[in-house]
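Work through the exercises below with the sequence and the model open. Try each task before reading its solution.

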6 protein chains.
Amino acid sequence: MTPRRGTGDDTGDEALTACPPPDLMLEPLARAALLEDLGGYGDVTTRAVVPPGAVCSARLCAREAGVVSGMQMAAIVFRLTDAALRIDILHPDGSACAPGDVLMRIEGAAAAILSAERVALNFAGRLSGVASLTARFVAETKGTRARITCTRKTTPGLRLVEKQAVLHGGGCNHRIGLSDAMLIKDNHIAAAGGVGAALGAARRAASHMIRIAVEVETLDQLDEVLGTGGADVVLLDNMGTEALAEAVRRVDGRMITEASGNMRLGRIGQVAATGVDYISCGALTHSAPILDLALDF
Amino acid sequence: MTPRRGTGDDTGDEALTACPPPDLMLEPLARAALLEDLGGYGDVTTRAVVPPGAVCSARLCAREAGVVSGMQMAAIVFRLTDAALRIDILHPDGSACAPGDVLMRIEGAAAAILSAERVALNFAGRLSGVASLTARFVAETKGTRARITCTRKTTPGLRLVEKQAVLHGGGCNHRIGLSDAMLIKDNHIAAAGGVGAALGAARRAASHMIRIAVEVETLDQLDEVLGTGGADVVLLDNMGTEALAEAVRRVDGRMITEASGNMRLGRIGQVAATGVDYISCGALTHSAPILDLALDF
Amino acid sequence: MTPRRGTGDDTGDEALTACPPPDLMLEPLARAALLEDLGGYGDVTTRAVVPPGAVCSARLCAREAGVVSGMQMAAIVFRLTDAALRIDILHPDGSACAPGDVLMRIEGAAAAILSAERVALNFAGRLSGVASLTARFVAETKGTRARITCTRKTTPGLRLVEKQAVLHGGGCNHRIGLSDAMLIKDNHIAAAGGVGAALGAARRAASHMIRIAVEVETLDQLDEVLGTGGADVVLLDNMGTEALAEAVRRVDGRMITEASGNMRLGRIGQVAATGVDYISCGALTHSAPILDLALDF
Amino acid sequence: MTPRRGTGDDTGDEALTACPPPDLMLEPLARAALLEDLGGYGDVTTRAVVPPGAVCSARLCAREAGVVSGMQMAAIVFRLTDAALRIDILHPDGSACAPGDVLMRIEGAAAAILSAERVALNFAGRLSGVASLTARFVAETKGTRARITCTRKTTPGLRLVEKQAVLHGGGCNHRIGLSDAMLIKDNHIAAAGGVGAALGAARRAASHMIRIAVEVETLDQLDEVLGTGGADVVLLDNMGTEALAEAVRRVDGRMITEASGNMRLGRIGQVAATGVDYISCGALTHSAPILDLALDF
Amino acid sequence: MTPRRGTGDDTGDEALTACPPPDLMLEPLARAALLEDLGGYGDVTTRAVVPPGAVCSARLCAREAGVVSGMQMAAIVFRLTDAALRIDILHPDGSACAPGDVLMRIEGAAAAILSAERVALNFAGRLSGVASLTARFVAETKGTRARITCTRKTTPGLRLVEKQAVLHGGGCNHRIGLSDAMLIKDNHIAAAGGVGAALGAARRAASHMIRIAVEVETLDQLDEVLGTGGADVVLLDNMGTEALAEAVRRVDGRMITEASGNMRLGRIGQVAATGVDYISCGALTHSAPILDLALDF
Amino acid sequence: MTPRRGTGDDTGDEALTACPPPDLMLEPLARAALLEDLGGYGDVTTRAVVPPGAVCSARLCAREAGVVSGMQMAAIVFRLTDAALRIDILHPDGSACAPGDVLMRIEGAAAAILSAERVALNFAGRLSGVASLTARFVAETKGTRARITCTRKTTPGLRLVEKQAVLHGGGCNHRIGLSDAMLIKDNHIAAAGGVGAALGAARRAASHMIRIAVEVETLDQLDEVLGTGGADVVLLDNMGTEALAEAVRRVDGRMITEASGNMRLGRIGQVAATGVDYISCGALTHSAPILDLALDF
């Protein structure tokens, strides 16, 4: 059986995008963020200045082009602040947006909308930033089989929503965390006393429901892995483009190949052309600038 | 690449047993259980009756033979109640015990030991019950390649510790929950409009780091799965022993095979002899009687 | 004043069953169980395979005869996953069920129902298991004044719902935890320096709103307790049937009598015939196998 | 069996005072209070003004006479802020203090002591206020069998520590909350359709481990209660002193008697002289002024 | 620029009162208080005695005159217990009430209303007590520019709602906690090595968005503060009335003046007449007796 | 009194840096991040591969130059995973680092260090990224009175640590959240019916301990603000450099001036030269790329 991998024309992530995680999973995050911002006293400006009973209609708009994420989250933020707000999502998570596009319309109590505005924008701007940067990486893989994937280098507390944002941008997801797949790195190999010992221990301990990946930095290490029977996935770390191409040839479909390390815009097309299955990039989540969004009244 | 699977002589789970999850992961559970039992007022009997300053030495003992689990948990329970207790684990998690064996020694304030006793026993008795029942299932697989595995039919809130208990009993673990592996069941297939559609959707959406299992109940369904290119794991549900043997033949190593449904003591040996890779059994966690443990002073 | 006790024709627990604890008390448990199963990513199979917008009608059915419990909990689980699900409970908690009976009907988004299915079943199967085992114990007390009661040997985190399940099965409840009643055991007596000292300390410290029980293992100990003026309840632990009968005679209505230790099906009728008021049994909650339930679509 | 009750020379509450609830039960409260005061940024004054590394010695002192409570809590507050602080309790909970008395000495990092000061004082002042007011009520019962007890009219969130403070002041505790004893009030009686129906329902549903109290406001109602066989405790609500005395005579030891309603300093001696067993007073916890404490450096 | 301060005819707090903090901020407090009272089993009396399906209409009434607070909180308490209750607030937070006034009407399931009654009253009585005491202090400032303000001497866990209660009573609020404004006290000054050093350090570290207050106990200390360029606010602590008047003269509008220490009813008018801007009083929150409220059926 | 403001030679933030918030405030964040990554099963790779008992020494190193932040947080992360780890911080928060610098040394159990590595790096890399970007903005203000400040555009959940990181980079902090200072924006002004009405309402409602800022976008709006008596701070939003200079002239020290909107590296020097007191920039926290850090063994 050839190990399963993604292809350039996959559309499955669209399924994950179309069927989001239940609000139940996002609400604690939204609630905590609101309470963090509301502090010990609530929105003292709005409480002092906005007349009781004032209502308004607000539009969450894009100020620049990109890919939208965080609409589910922003809607939860507004609803938690005031369950009576009417919320209409015009650009769902995963859709492209142009400057000026209205992504969401919110109507109801002005005080609630103003108090929730910043938290909603903090989520939506950041997550749309991740989706938009992902889309730029994905664009460079066009015409290849390579797929862009994220890493565990996510913002503490935001892993779920950042991983969704990567999906929204057209990328795909790596393991969720430490417990759902094995990724054997150099330090594991050193502690185990060699790649063979590490892979053997991993294979013995692994559930039949989790995958094993092993990281190599040189072609020699790759050969060593292949000599031990391999793993499900080989992570080719910090290799030059030529070495990557040679690695793909040597693996010859026996493992899923993933290139990582120094994966920056401008270089992706060339890496994708080596034939690797996946290109993983921590910057998608650890260094994406926000997408500029604003709430207009 | 032949899909990786466990073998009868695997020792890897011993690694997981030897290197337990950090206390950090178990403490919230221990803390919640203690507060549940302490109620709104604390241990009113002990507070009234035990003289302040009284110290004692207690032994957590087995009243029947089995396999020990829950010692890590019990130790956390005692330490949370009184960090000054001296705790000595004599039978670590995963070891066999005979009636009368002293599993753990606890010394220090009598009030703390008495107040924590029931919660510590509730964890240790229940988890040792899971480990001991698992060991009985495992014993019936002797001489075959089949391995015993648990399911998601765990006690709400106790999944992590019950899965560890299965390891302690010599079994191995299935997926952790809904998010770390795909298991396509009949209802998924019905909703997707057929096994081919379901498997196709799963393959497109699946990360390269998670596995796909598909459940079949008949050999015809199995053939249909094989016809679509298969999955990582096929779960042969509620099949008779002969059908299982035929299924293993038809799969012929192209998928990992897992038998489930009606897996009870006395039948396991016969199922294991069909050549299936895994036998999964919900009863390990949902219907295991406790192992009889007690605290002697 | 003769101490109050239950009688075989009591119907009061039906009141507790008819008027359940508010959802507020069960929701944290349901929420935690759902998040435990959903993990860090949600139900990846359903998200990938079930078409967005698919709706279905599911029936929670009994596969074997027993007494139902956990319907309140299962309904909360489904509602937390998707507040728009329509839920219809056909067999409320405390009712008997036969194989094939439809206990609950759930209609709405297929994805929500599939994602919540296992958690709902884990609660309902386990709690119906407790209720059903309790009912079997209760049946053996028929024609006597004895009542079946549970202990503090409950699953950590599930005490409230397991105690409700005991009510659903026709049993009654013991103290909730350490803070609401005094139960003086052998170790307390040893620490206090004798049963008289222990009882004296307990009486002095006890609020007028809590009861005092004392555990004895021999008739001599019972005489000692009676000699000190007694307690509200005497727990006759690990006594043979004849000794129990003699103990009941000696107590002569001055204390409520509770038999415990080695209380197994088949022996209950004989114990009940001794005239004890209560028979307590840890196995009701620590070793009940689940009742086999399933969700049919 | 005559129902157990307290007497004027009881010393049992001293046991509860000497053996406090474990820190585990108080820490969440201390932690929440500290985080409430620290806000989103910490103690900005101390951080700006106190030189790093500055150490000091502080004394928690009484500014007025009273009974000390909250020392366990204050110690937890300081330790949570800085585990390296040296804390010495000179006047433990339950001891009397005079103006100027040093209750606790704290040594270590000046920044930590200053940041925790207000929270520690808020607990200690409030709880000592409860203890001190209780002691004044208790003093008025001198020479009688009556005991002072608190109610459920406690500060939301502080029930456990306020109930301990009542013990420290020489009082005793009522039920903890709604689940550990039955207290049938006028509205329950109205809903049940009469006191007989209410008591009957209560007796049938009550566990053998919980007590039943019933509230009456007139002697006629008391007679009705006595006519139905009574309860464990009768709460004589809002009765004049003569009516109380008559009620005690009519009860004649068949129930524990508790007087409540309009119990204020100056009237207690007279109420206690009626022979009631308990006098309950909500003001102990809902209206006690703080005891003036301060932290001196 | 003259520092902003309040004046006797300010109405701004009415804005804060009219626009309360979102329920989101109060719900955790209400939920925790309900669970504290419900304990491990729920309201056992109501569950046993009140017939299932019984409905009733209850009125939350004032038994004495005062100022209402806690209606928002009480409404949340009832709704959390049963979302189907119909709640009608007749006297909103901040309004005056006379004995017999109906503050809130609650209709629906009798069991829910009875189970939530005590918690709702505990909040409403306590918070109305704070509001009512505040109103008495405010009344004594009539005709002066002085405003009454609270302190950080609040009940642990209740700071937000107690500060709202002070607003409801016509007072105004001080800083929320340690992180939102600087208040340099004697111990800070001692640690910093003098008032000049402390103020300098504070000014350098302070954000431009937070205010600095400094506490002085003598006119000499005040002169020293003025000599260093002052702060936004000077807290004149424990000064006699004449010293306060002299202090106001010396400050001459260059700082906001706040008098504190020994501020009791009967003295406030005289203090207010000195021309101080604010009078702060810990007793508003640490020693206010409750306002007597009750639930009538 | 001229409103207090910062100057170019301020050193006060160093005080805040030297005296960090107590670990108590950061631990919940560290704990949640660890549990997020550990998932439901712990670090399955390390548990399988690293021999029990293996110890190692690791160095947290900088791969590029910048300003360090997150060392307090990383130390908490490691300690929570294993309290026995020895941790030595060589470059404390706020210090500059060069490529190759060892920031922290960690010694102890290899399994614990490997399991905590990613979470520690996720915090430290992100926070050092914020500090380093801040330092680049601060560098451009050299020789001017202008100070760099952050905004509320922080990562949900990380506000406290990101604000500390801004301090570490030499910047200063804005308000913490919605409750500790008033910031009147265009939407508030619209809702209030004009800047005069808004400022009046704000002044009436504001505590004497919080500051009021008002946002203007044109010189005409500024004149309007000045005409109403102003606020503590005026936020000059999205103005060109010349308009900013003119605004500073018109304010003439009567309000603290803050420039915001489109504040990017390269433009700061020019903005700072206009004489504004503060330059606020959301990008410091919403778009800072991480500083490249790694753990070497």
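**Exercise 1. The contact of chains D and E**

Task: Find which side chains meet in the salt bridge of D:Arg159, then describe the contact around the pair.

Solution. 
- Step 1. The side chains of D:Arg159 and E:Asp37 form a salt bridge, at 2.5 Å from N to O. The model is a predicted one. The cut-off for a salt bridge is 4 Å, so this pair qualifies.
- Step 2. Count the salt bridges between chain D and chain E: there are 4.
- Step 3. Chain D and chain E have 34 residue pairs in polar contact, both residues at pLDDT 80 or more.
- Step 4. Locate the elements. Several elements of chain D each supply at least two residues to the side that touches chain E, among them helix 2 (23-38), helix 5 (110-140) and strand 7 (182-184). Helix 5 of chain D gives the most, with 7 residues.
- Step 5. Sort by class. The side of chain D that touches chain E holds 28 nonpolar, 17 polar and 10 charged residues.
- Step 6. Get the extent. Chain D brings 55 residues to the contact and chain E brings 56. About 4,500 Å² is buried between chain D and chain E, and carbon and sulfur atoms give 59% of that area.

**Exercise 2. The contact of chains F and A**

Task: How many salt bridges lie between chain F and chain A, and which element of chain F gives the most to the contact?

Solution. 
- Step 1. Chain F and chain A share 4 salt bridges. One joins the side chains of A:Arg159 and F:Asp37, at 2.4 Å from N to O.
- Step 2. Polar contacts link 34 residue pairs between chain F and chain A, both residues at pLDDT 80 or more.
- Step 3. Helix 5 of chain F gives the most to the side that touches chain A: 7 residues. By class, that side of chain F has 28 nonpolar, 17 polar and 10 charged residues.
- Step 4. The area buried between chain F and chain A is about 4,500 Å², 59% of it on carbon and sulfur atoms.

**Exercise 3. Strand 8 of chain A**

Task: Which residues of strand 8 of chain A point one way, and which the other?

Solution. 
- Step 1. In a regular strand, side chains alternate between the two faces of the sheet.
- Step 2. A:Ile212, A:Val214 and A:Val216 point one way, while A:Ala213 and A:Glu215 point the other way.
- Step 3. Check burial. In strand 8 (residues 212-216) of chain A, 5 of 5 residues are buried.
- Step 4. Find the partners. Strand 7 (residues 182-184) of chain A runs parallel to strand 8, joined by 3 bridges. A:Leu183 stands opposite A:Ala213. Strand 9 (residues 233-237) of chain A also runs parallel to strand 8, with 4 bridges. There, A:Leu235 stands opposite A:Glu215.

Terms used:
Residues are numbered from 1 along each chain as its sequence is written. Chains are lettered from A and ligands numbered from 1 in the order in which they are written. This is a predicted model: local features need pLDDT of at least 70, side-chain atom pairs count only at pLDDT 80 or more; totals for chains, interfaces and linings use all residues. Side-chain values use heavy atoms; hydrogens and water are left out. Buried area is the accessible area (1.4 Å probe) that two parts lose on being put together, summed over both. A polar contact is a pair of N or O atoms within 3.5 Å; within protein, one must be able to donate a hydrogen and the other to accept it, and residues adjacent in sequence count only if both atoms are side-chain atoms. Ala, Val, Leu, Ile, Met, Phe, Trp, Tyr, Cys and Pro count as nonpolar, Asp, Glu, Lys and Arg as charged, and the others, Gly among them, as polar. Buried means under 20% relative accessible area, exposed over 50%, partly exposed in between (1.4 Å probe, protein chains only). Two strands pair if DSSP finds at least two bridges between them. Contact means heavy atoms within 4.5 Å.
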